[in-house]
Amino acid sequence: MKGCIFNIDAGYLEGLCRGFKCGILKQSDYLNLVQCETLEDLKLHLQGTDYGTFLANEPSPLSVSTIDDKLREKLVIEFQHLRNHSVEPMSTFLDFITYSYMIDNIILLITGTLHQRPISELIPKCHPLGSFEQMEAIHVAATPAELYNAVLVDTPLAPFFVDCISEQDLDEMNIEIIRNTLYKAYLEAFYEFCKLIGGTTADVMCEILAFEADRRAIIITINSFGTELSKDDRAKLYPRCGKLNPDGLAALARADDYEQVKAVAEYYAEYAALFEGAGNNVGDKTLEDKFFEHEVTLNVNAFLQQFHFGVFYSYLKLKEQECRNIVWISECVAQKHRAKIDNYIPIF
Amino acid sequence: MGSLFRSEEMTLCQLFLQSEAAYACVSELGELGLVQFRDLNPDVNAFQRKFVNEVRRCDEMERKLRYLEKEIRRDGIPMLEIPGEVPEAPQPREMIDLEATFEKLENELREVNQNAEALKRNYLELTELKHILRKTQVFFDEHEGGASTTESMTRALISDDPNKHMGQVQLGFVAGVILRERIPAFERMLWRACRGNVFLRQAEIDTPLEDPSSSDQVYKSVFIIFFQGDQLKTRVKKICEGFRATLYPCPEAPADRREMAMGVMTRIEDLNTVLGQTQDHRHRVLVAAAKNIKNWFVKVRKIKAIYHTLNLFNLDVTQKCLIAECWVPALDLETIQLALRRGTERSGSSVPPILNRMETLEDPPTYNRTNKFTSAFQNLIYAYGVATYREVNPAPYTIITFPFLFAVMFGDLGHGAIMAVFGFWMCYKEKPLQAKKIDSEIWNIFFGGRYIVLLMGLFSMYTGLIYNDIFSKSLNIFGSSWRQNYNESTLTTAKSLQLNPDSMDYLQHPYPFGIDPVWQLAEANKIIFMNAYKMKISIIIGVFHMLFGVCLSLWNHLYFKRRISVYVEFIPQILFLLLLFFYMVLLMFIKWTSYGPSPPNFDDVRTSGYCAPSILITFINMMLFKTDPNMRTDCDDTMFAGQMGLQKFFVIAALMCVPVMLFGKPYFIMKEQKARASQGHQSIEASAENGTAGGAPVPASAHHDEDITEVFIHQAIHTIEYVLGSVSHTASYLRLWALSLAHAQLAEVAWNMLLRKGISTLIIIHTLSTCRAACRTRRRTCACGRCRWRTRSSPRSRGTCCSGKACSPRATRAASTCTWCSRAGPPSPSPSWC
């Protein structure tokens, strides 16, 4: 039934999104890109793809950061276009996607001010999708409570922040905890929201978000080894909407080293496969890359179904991955460091 | 005949160009526009080609030009169109000059812009400060009343707040300017972060300020925040910074403020003059650039196009010359040789370029030579598809059929004349209109099709004459063939009267040209009569149109020597059309000739209109093999002897054609393949004669061993399309009638509701005003009275008119209907069209 009326509100945008998706670079494009000798070559090749003339007005010599900025600008324009044409409940869905960028921005700004950087230097580094009005005044706050009361209370992030309010000072450790708690709350809320929408959207998005949650849990665990984060605190940071919940998370909370994490993952077929192929040796793919690859597959799969909002999320994520790939390749080209140029993650 | 009837004959040529001369030669060929180059390095990446650096330099130049153009647009300076000739592609060495010019211009402009921006920023700051000083003065004044020191101001504030009795606490304040839309969030944030311990006043700046970096006009507001203590001060300042508010020092004492304001004013004035000078300089630079910019754009694009073309070429082993492969029209080889020679001369090279014709088995591209008259029609054809190489080009026939079919639907002398005049005007003013380069898309559609519009207008006038329609009225040129013989009393009393074509009412000879104007007056059966006529006409036109199209395919089959296709495709196709639909057309003519109100032997009721069968029903019954059950008993249900048998034979024969179309060609192809297989499978290899040197062997594209299933599927699709198509197209041609009917009806509405009302009000107004003028000047009452009668009477006479049209009273009485759908009508009493 949902499928029947989906097109009334979101059909145009879904079509648009699928059109955008067709512009994502193919394997053959990547093969051409890695052959480039200079960034100018890269620009010339990208001109032949859907990116078109996005670099045409940049004076040479190009820098990697310009390419990065322009790539992001193009993506943001596309996303904003989708957002501006959307209606409920899709607009809320799209807003939810931007919340993760808002969290990143807040953390970036707080860390920056902690290190005495001027705010004007930090602002350009923020992701434009996650910018909000009060963002720049964030350095007023000295404690999480102040942060909440003065800045975040008006933003959509306020409900996520409730768990982090404490009178402690903002130091690096606390900031990390805040970031992860925020993410946990955000993921769980997004998960619930997708369930509420129901239908194919729920099917597709819950799958993706569950993976996202599990990935965070695993990464938090691995990164926490050798830090002062206690196991209890660590357990509080796990998002509880993944497939690991509850047994896997409980096991993760007890883990003491990488091998134990791997042992936990063994119980879950899909994660076991990821750990299987990962390694830190030369030529091996890192666990992070493995996770990225899995994310890409999930997002590509989202396009196999119709009449759901997951395509918008997936499109954004795939496009971000593509930006990362292009930036990676251009970095390799710019630094003449071609040995690792093939470490991008192909999408199609 | 050749070039109009079929697409041009093309040959594949190999070109050997001296490296130095290649640029000039390609430039000449580019101006000619007769050559299609083939990409000889399809596997090479865009950035690995030979002339990629030149292309990149062109890109860079284009970027600079775009920057210049943007700046020129921003200042609203008109860019001059290229006067006269479009510039030729410049020599490669000129490229360096161009680059230097653009570089210089860009740098100069950037510098000027930077200066201007700095100045503007300065100016903005000063203006903001001016506003702050002015507005804060108001704030202070409001709270002060008579006394004008901040001391008392603070006291006043504190006494407002009964909870705090701090006595002599110094209140600090900051003043600044902020974007107006940020005010609400700013205020809320201030209140939250400072827990309500600050006092904010704000006032809007009415005039928009210019943002120096983007030069947009933005609205801002002045604010002043009062607070207490240093901690709050840092906090407030942080918030201000966060909201990108600019803070300005504002002295506390009014005297200082006044002094500062004076200083600011003088500085603003100074700055204004400097700013004006900078702007002038910028303007001069841009005006100079605007004169040439279009020219430069063309030049750079031409250079870029030439290098792109050169990138398609192969380099020979010695690196001395470039090898190109291109398709050229066989007739233009001479011109191309000439152009190449010109190019060589221009470049000063001594070695002439070599142009070799190559034999190939590849399908050449279709090229139809057009001129300004045929190009629009050719584009119409291209909108449906491009014919295969050397196929018959339908464009020349479209020149007649397209405007004519349009005219069948748009038949109205008046409307057609308007259209023709418009089309003629566009054709007549062709050159000046073309020079104007109007960007409007709608205009360009009309202008591009100006000859089509002209022809459509002319044809519409012709069909309008046949339909006897001019603005939905009739012309009685030759005098109607109908008379009315009723006496006076019948005419005055009867509501509707009939005219009998058998009697004296009809003069027994038809109106010489087109429809008899009397039909305009037949209220009851005009539409029925016109429908019968137009429906038949559109089917007749349609069937002939389709037959013509099928016949054209015969020329294709003969030309390509596809004998099988003639027998198993063309003949069954044309039979199918002839036996079914052309027979229907024949029936129409038989019906027109053999049935009528006054047959030769009058007492034979079977040839009278009473017994005339419906063509549609006859045709349906023919397909269903049955006779009309509703046929009147005293009538013959056939039009001629042996009709039933003939019809049965026709239908069966037509149906027999379908399997022939379906299986004939695959069968023959299969047979041919078997025969070839038995002969030892000699593959037909045309001796691809390679060029003298370095000619890439051309892949043979003629593969005879096509998959037989594919042939079957293709033929099945083709057959289904043809059979269903001929049925549905015949029905579709009825659209000619439908749209013609719609047009006629709408024209009538337009006449009644728009034109006539407009004209009659005009007349009323005119008569009224002349009448008044007459009354005033001559003071003769009788003139007035007459005028009044005329104005009053004109609507009344219309009201009593037969058809709601303003015709003379006699026409009212003569209104009538007739029974004979085929040819009959009411009398037309007055020759004028009302």
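In what order do the four strands of the open sheet in chain B run? The order is β4-β7-β3-β8, with antiparallel pairing; strands count as paired if DSSP finds at least two bridges between them. This is a predicted model, where local features need pLDDT of at least 70, side-chain atom pairs count only at pLDDT 80 or more, and totals for chains, interfaces and linings use all residues. Residues are numbered from 1 along each chain as written, chains are lettered from A in the order written, and side-chain values use heavy atoms, leaving out hydrogens and water.

**Sheet in chain B**
- The edge strands, each pairing on one side only, are β4 (199–204) and β8 (246–248) of chain B; strands here are DSSP E runs of at least two residues, and helices are H or I runs of at least four.
- From one strand to the next, the twist averages 25°, with axes fitted to C-alpha atoms and angles running from 0 to 180 degrees between N-to-C directions.
- Three bridges join β3 (residues 171–179) of chain B to β8(B), and B:Val177 stands opposite B:Thr246.
- Helix α7 (residues 230–242) of chain B lies across β3, β7 and β8 of chain B, at about 160° to β7(B).

**Nonpolar cores**
- The largest nonpolar core has 149 residues, and A:Phe93, A:Phe190, B:Phe186 and B:Ile225 have the most contacts inside it.
- A core joins buried (under 20% relative accessible area, 1.4 Å probe, protein chains only) Ala, Val, Leu, Ile, Met, Phe, Trp, Tyr and Cys residues through side-chain atoms within 4.5 Å.
- B:Phe186 touches (heavy atoms within 4.5 Å) residues including B:Leu200, B:Ile225 and B:Ile239.

Conventions: Buried < 20%, exposed > 50% of the residue type's maximum accessible area, 1.4 Å probe, protein only. Lists of a residue's contacts leave out its neighbours within four places in sequence.
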